[in-house]
Amino acid sequence: MAKVTIDMIKELREISGGAGLSDCKNALIETEGDIDAALEVLRKKGVAKAGKKAARIAAEGVVSLVVKEDRKAAIVEVNCETDFAAKSDKFKAYVATVVEQVYETQAADVEALKAEKCINSEFTVGEELVNQIATIGENLTIRRFAKIDSDGLVVGYIHGGGRIGVLVEAEAADTDANKEALKNIAMQIAALNPQYISRADISDAELAKLREITIESAINDPASLPKQLMLKLINKAVDNKVWSDADIAIYEEQKNNLNYLFNFLSAEAKAQVAALGMEEKDAFVADKIFSGLVEGRISKQIKDISLSDQVYVKAEDGKQTVAAYLKTVGDIKIKNFIRFETGEGIEKKQENFAEEVAKQMM
């Protein structure tokens, strides 16, 4: 049997991407010093380790992007389990290879991407992912990716060391001024997370849903209703003995203080007023005052979710919209934007560190 030397262990560790010293030594002993066979052993052990880790939640990680020729771009979110791993050089180097793979890929989804051969190794993307799980020691996932191939101008922005990544595509000349403006817009998107480019992109069905939600939320918050509509419901609750004697007594005591009345009433009284309002929903919708309140709230919500209608974050007057800002720069039309935020939508498991340590000591 060939003698296993420290140089052999070092070589195997390097070509395996940083497997543990003891793992390398044992693999070389098992394969009688055959480095290629030992690498295969480590890969198989990596698969076993990956299987155990796959059930663990990977909600940390980074978003990475690449923009080339000012018109082609790729963005990817790669997750790991801990912020410590996300900040490691090994993880960052791995993600850098993944985003380049995404830039070159023709795959339509992550599963197809994982079946491809890596552009910089003999493995498939999926196999390399398993190798990295074994090397880094945490569950890793390539969660999502997107690409832009534009005939216009594309700018990217990374915020918080990879916590948020944004790509912005626009019809605009490739000038420094336009690129700076789009960088500002990308920062706006990272900070305020709009859902649409403009209100024109919101479908009739989505607007109808927004209106319905706004109507019902207004009625279910009677304290925010116009006073005459609020009083109408309160009088009905009092006259029809819907409220308890205790709540009626509170009303009689506080009725000259309507702005704070609901601070004194019971939770049941508030719910009862809301229920009375829902019974008269059609009448409320037909009321001009209530309708105005609803439209005002809808308009405010649209300003929050529509990029063009948002107040530009760098506006000196605190009022200038994004659309108005772009007009001051020149002929720029936003065509598309992509915003990835690490871990968004993933339910993170709350761990008790002391308990975790205790488990490992048992």
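1. In which helix does Ile-215 lie? Ile-215 belongs to helix α9. The model is a predicted one, and the points below should be read with that in mind. The relative accessible area of Ile-215 is 7%; since buried means under 20%, Ile-215 counts as buried. Its C-alpha atom is separated by 9.1 Å from that of Leu-293, a residue 78 positions away along the chain.

2. The next point concerns the packing of α9 on α15. Helix α9 covers residues 204-219, and its axis and that of α15 are 10 Å apart, at an angle of about 125 degrees. The two helices are therefore oblique to each other. An angle of 65 to 115 degrees would have counted as roughly perpendicular, and one over 145 as roughly antiparallel. The crossing of α9 and α15 is right-handed.

3. Helix α2 spans residues 21-30, and Cys-24, Ala-27 and Leu-28 are buried in it. Viewed down the axis of α2, these buried residues fall within an arc of 100 degrees, so they line one face of the helix.

4. Most residues other than glycine have a negative phi.

5. Glu-69 lies in the loop between strands β1 (60-68) and β2 (72-80). Is Glu-69 buried or exposed? Its relative accessibility is 56%, so Glu-69 counts as exposed, the cut-off being over 50%.

6. How many aromatic pairs does a search of the whole structure find? The search finds three. One of them joins Trp-243 and Tyr-251, whose ring centres are 6.2 Å apart and whose planes stand at 70 degrees, so the pair is edge-to-face. Trp-243 and Tyr-251 are both buried.

7. Another pair is formed by Tyr-312 and Tyr-325. Here the ring centres are 4.0 Å apart and the planes are at 15 degrees, so the pair is stacked. Tyr-312 sits in the loop between α15 (288-305) and α16 (322-329), whereas Tyr-325 sits in helix α16, so the pair ties together parts that are 13 residues apart in sequence. Tyr-312 and Tyr-325 are buried.

8. Helix α16 can also be described by its accessibility. Its buried residues are Val-322, Tyr-325 and Leu-326. Down the axis of α16 they fall within an arc of 95 degrees, so they line one face of the helix. Lys-327 and Thr-328, on the other side of α16, are exposed. The residue that stacks with Tyr-312, Tyr-325, is thus part of the buried set of α16.

9. Two contacts between a charge and a ring complete the list. Which ring does Lys-68 lie over? Lys-68 lies over the face of Tyr-103, at 4.5 Å from the ring centre. In the other contact, the charged end of Arg-144 sits over the ring of Phe-340, 4.2 Å from the centre of that ring.

Methods: Residues are numbered from 1 along each chain as its sequence is written. This is a predicted model: local features need pLDDT of at least 70, side-chain atom pairs count only at pLDDT 80 or more; totals for chains, interfaces and linings use all residues. Side-chain values use heavy atoms; hydrogens and water are left out. Buried means under 20% relative accessible area, exposed over 50%, partly exposed in between (1.4 Å probe, protein chains only). Helices (H or I, at least four residues) and strands (E, at least two) are DSSP runs, numbered from the N terminus. The arc is that of the directions from the helix axis to the C-beta atoms. Rings of Phe, Tyr and Trp (its six-membered ring) pair if their centres lie within 6.5 Å; planes under 30 degrees apart count as stacked, over 60 as edge-to-face and the rest as tilted. A charge sits over a ring if NZ of Lys or CZ of Arg is within 6 Å of the ring centre and within 35 degrees of the ring normal. Axes are lines fitted to C-alpha atoms, for helices over the stretch in contact, and angles run from 0 to 180 degrees between N-to-C directions. Angles under 35 degrees count as roughly parallel, over 145 as roughly antiparallel, 65 to 115 as roughly perpendicular and the rest as oblique. A crossing is left-handed if the near helix is turned anticlockwise from the far one by less than a right angle, and right-handed if clockwise.
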